[in-house]
Amino acid sequence: MSDTRVPILMYHAVATDPNEATRALSVTPEAFAEQMAVLADRGRTPLTTAGLAACWRSGRALPERPVLITFDDGYEGVHRHALPALAKHGFPATLFVSTGWLRGPYDTGGGLDTMLDWDQVRELAAAGVEIGGHSHSHPQLDQVSDATLRFELIHCKEIVSDQLGSVPASFAYPYGYSSRRVRQAVRETGYAQALAVGNGLARRTQGPYALRRVTVRRSTDIGEFERVVEGRAIARTFAGDRALTKGYAVVRGVRRARRLISRSAG
């Protein structure tokens, strides 16, 4: 069981005509519906993030052919377009919300496109969608100060708890970026598990705070989707993403080191 590899699908906007900021990482409603039908036809059993982590934490057996369907940020199309497709197949999912991006009393104006409001988030939760945290203002958490990091994690958790009446158990790192410091802070904040990106299949051995996901984007055709879900040609499909991620990780590390040196010098 410990070697079971699970595809965790990462979606963002589901929209017919998204703006340029979200287009590349969006999917059309028709593509999303077709992808959900593929999962059903292949006998896949969707879980929530909390459900997968609970199985791996307790040693319980996973269901047959597990898969996770996750959404980041909180775009309005998750309610308008994704929810009906999920409901058609009885699929659960996980939505990771950036609380400062959602429409309502905590909106900081940073949302990249039309975002969910809290009534819609509550309707998603009532329909079986797990609501997790994705920070408050969606920064690169590995680049912010300790105080800002704590604020981003705690404020997000408190807002979700207040709006939904339940404490979020799962977290997803904005941009997929984390570090040992960030993962420790996420654990100390009370999140039981967290998702990165990594563009690989999730395994128990990755640990509960660094589970990998695979990106589904507007350019993902149905053939590529089927291959990714089955775990075929993952390295080739995401070779470009991985190279960019590794290179940018070095750049971000240098930037943070320079900031720390600058602060100590001042």
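Helix α1 (residues 29-41) and helix α3 (residues 77-89) pack with their axes 9 Å apart, at an angle of about 20 degrees. Helices here are DSSP runs of H or I with at least four residues, strands are runs of E with at least two, and both are numbered from the N terminus. Axes are lines fitted to C-alpha atoms, for helices over the stretch in contact, and angles run from 0 to 180 degrees between N-to-C directions. The pair α1 and α3 is therefore roughly parallel, a label for angles under 35 degrees. On the α1 side, the contact is made by P29, F32, A33, M36, A37 and A40, and on the α3 side by H81, A82, A85, L86 and H89; contact means heavy atoms within 4.5 Å. These residues of the α1 and α3 contact divide into 9 nonpolar, 2 polar and no charged. Ala, Val, Leu, Ile, Met, Phe, Trp, Tyr, Cys and Pro count as nonpolar, Asp, Glu, Lys and Arg as charged, and the others, Gly among them, as polar.

A word on the model itself: it is predicted, with local features needing pLDDT of at least 70 and side-chain atom pairs counting only at pLDDT 80 or more, while totals for chains, interfaces and linings use all residues. Residues are numbered from 1 along each chain as its sequence is written, and side-chain values use heavy atoms, leaving out hydrogens and water.

Now to two threonines. T99 is found in the loop between β4 (93-97) and α4 (118-126), and T70 has its place in strand β3 (residues 66-73). T99 counts as buried because its relative accessibility is 0%; buried means under 20% relative accessible area, exposed over 50% and partly exposed in between, with a 1.4 Å probe and protein chains only. T70 is buried too, at 0%.

| Side chain | Partner | Distance |
|---|---|---|
| T99 | side chain of H136 | 2.7 Å |

Beyond four places in sequence, T99 is in contact with Y106, W118, S135, H136, C156, I159 and V160.

Conventions. A polar contact is a pair of N or O atoms within 3.5 Å; within protein, one must be able to donate a hydrogen and the other to accept it, and residues adjacent in sequence count only if both atoms are side-chain atoms. Angles under 35 degrees count as roughly parallel, over 145 as roughly antiparallel, 65 to 115 as roughly perpendicular and the rest as oblique.
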